[in-house]
Amino acid sequence: MNDIRTRFQAAPWFKDNFTTENVSCTIGGAGGIGSWLSVFLARIGIPITIFDDDVLEIHNFGGQCFTRQFLGMEKVRALRNLVDAFTAGDRARFSIRTERISQGKYLPPDYIYISAFDNMTARKDMFSIWCEKVDQAEEEDKSKYLFVDGRLLSEQLQIYCVDHTNMTRYGEQCLPSEESIPDVVCTLKQTSHVAAIIGGLMTSFITNHLTNMFQGAGTRFVPFYYEMYLPVVLTNLE
C-alpha cells in the first residue's frame with residue numbers, strides 16, 4: 001500500500017486499489033472546485049479523469065489550487081503535476097482531457113460524475129450524459145451511480161448529490177437557464193479557503209456514498225442538497 005494512505009486504511013470507504021471495485025471519478029472543470037477536489041480525491045486513492053480546456057492565468061490563483069510555476073500551462077496538465085507531487089507518484093491514476101464536455105462526446109464509464117463547472121450549460125450537458133448511463137445500467141447497479149454538483153461563490157457554497165432516486169427532481173428543479181441566474185461582481189467569485197472547503201465537503205459526501213456501496217445502502221447519509229454561507233455565525237463565541 002502507498003504509505004501516504006496507511007493512516008486511513010481502516011476507513012469503511014477505503015480500498016487499496018479502487019480500480020478493482022470499478023470506482024473512479026469523472027470531473028468536469030479544473031478551476032476553483034475541481035483543482036482542490038482533485039487533490040483530495042487523489043490523496044485517498046480514487047482514479048480521476050478530468051476535463052478542462054482552459055489555460056492557467058494569474059487571476060486564477062485567488063481561488064484555485066495551483067502554483068506560479070504552472071502559469072500559462074493548460075490547467076489539467078498543471079493539475080496532474082500538482083497531484084503527482086501531493087500523492088507521491090500517482091500520475092498514472094490521473095487522466096486528463098484538454099477539452100470540454102458536450103453532448104455526443106465519449107466519457108469514461110465511471111459511476112461517479114462531478115460537475116465543477118461555473119456555467120449551467122456545461123452542468124446540464126454532463127448531467128444528461130450521466131443520466132443516460134444510469135438509464136442503461138442494470139437495475140442492481142443503479143444505486144452505485146452518483147452525480148455531484150458543486151456551486152461556488154466567494155463566501156457561499158452549494159452541493160447537490162444526485163442518485164437514481166432523485167435525478168428527475170434535480171433535472172426539473174435545480175437546473176435553471178443561464179439567463180435567469182443573476183450576475184455576480186467578478187471580484188466576488190472565488191476565494192481559496194471556500195473553494196478548499198467545498199472540495200473537502202464534496203470528498204466527504206463521495207466517501208459516504210462509497211461506504212454505502214461497500215457496506216450497504218443507508219450506512220451513511222448523503223444529502224441531496226447542502227448549502228453553507230460562511231459569514232453566518234452558528235455559535236456565540238462571547
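Reply: Contact means heavy atoms within 4.5 Å. Helices (H or I, at least four residues) and strands (E, at least two) are DSSP runs, numbered from the N terminus. This is a predicted model, in which local features need pLDDT of at least 70 and side-chain atom pairs count only at pLDDT 80 or more, while totals for chains, interfaces and linings use all residues. Residues are numbered from 1 along each chain as its sequence is written, and side-chain values use heavy atoms, with hydrogens and water left out.

Me: Against which elements do the buried residues of H3 pack?

Reply: They pack against strands S1 (25-28), S4 (112-115), S5 (146-152) and S6 (156-162), and against helix H4 (167-173). Among these buried residues are Met-120, Phe-127, Trp-130 and Val-134.

Me: What makes the end-to-end distance of H3 (residues 120-136) agree with its number of residues?

Reply: The expected span is 1.5 Å times one less than the number of residues. The 17 residues of H3 should therefore span 24 Å, and the end C-alpha atoms are 24 Å apart, which agrees.

Me: Why is Thr-203 called buried?

Reply: Buried means under 20% relative accessible area, exposed over 50%, and partly exposed in between (1.4 Å probe, protein chains only). Thr-203 has a relative accessible area of 10%, so the residue is buried. Thr-203 is found in helix H5 (residues 192-215). Leaving aside neighbours within four places in sequence, Thr-203 is in contact with Leu-37, Phe-40, Leu-41 and Ile-44.
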